[in-house]
Amino acid sequence: MRISNNFLGFDISAAGLSVQRKKMNLIAENIANANTTKTEDGTVYKKKYLAVQQKAIDDAKLKDEKIKLKMEDPFHFDKGKDFDESKELNLITQVSEDQKEGDLIYQPDHPDADENGYVRMPNVNIITEMVDMIAASRAYEANLTALNTSKQLAKDSLEI
């Protein structure tokens, strides 16, 4: 009989680590392209961000399922439910571009300047990107701490 996955905490922390790593990679790309006025397709670089969403859980299924307790059974459950963690932890991540226009800067000598001497800059703000990088780094550290705690709990439970 299996009620739940004993290593579910590892999976949750690993998913969090993966999301924060993706965010940090996008932030690094944004910072690297903060002055890119022309990309391969000839347009100004646009800031990229990561949208994360968990796949929907079927609430109707959860409400219909009932687990009855047995008084004489030491495990107290009538029958176990096998959880499919791959379905429960699936995250939808999508990289999107910020459609805001960047600043216009007067630089008549710039090769990408228009007929009036103005250059459209990317919509990347270095200060905002650094704050987002610190937040993603702290979230990564928190997930790493949770992973290490889960690992220590599993190790300590084996020593009992």
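**Close-up views of a predicted protein model**

**View 1. The elements of the chain in order.** From the N terminus on, the protein runs α-β-α-α-β-β-β-α. That gives four helices and four strands. Helices (H or I, at least four residues) and strands (E, at least two) are DSSP runs, numbered from the N terminus. The model is predicted: local features need pLDDT of at least 70, side-chain atom pairs count only at pLDDT 80 or more, and totals for chains, interfaces and linings use all residues. Residues are numbered from 1 along each chain as its sequence is written, and side-chain values use heavy atoms, without hydrogens and water.

View 2. Rings of Phe, Tyr and Trp (its six-membered ring) pair if their centres lie within 6.5 Å; planes under 30 degrees apart are stacked, over 60 edge-to-face, the rest tilted. This rule finds one aromatic pair. Tyrosine 106 sits in strand β3 (residues 104-106) and tyrosine 118 in strand β4 (residues 118-120), 12 residues apart.

**View 3. Tyrosine 118 and its cover.** Is tyrosine 118 buried or partly exposed? Its relative accessible area is 36%, so tyrosine 118 is partly exposed. Buried means under 20%, exposed over 50%, partly exposed in between (1.4 Å probe, protein chains only). Buried residues make up 18% of the 160 residues in the protein.

**View 4. Contacts along the chain.** Contact means heavy atoms within 4.5 Å. Among contacts between residues at least 6 apart in sequence, 70% join residues at least 24 apart.
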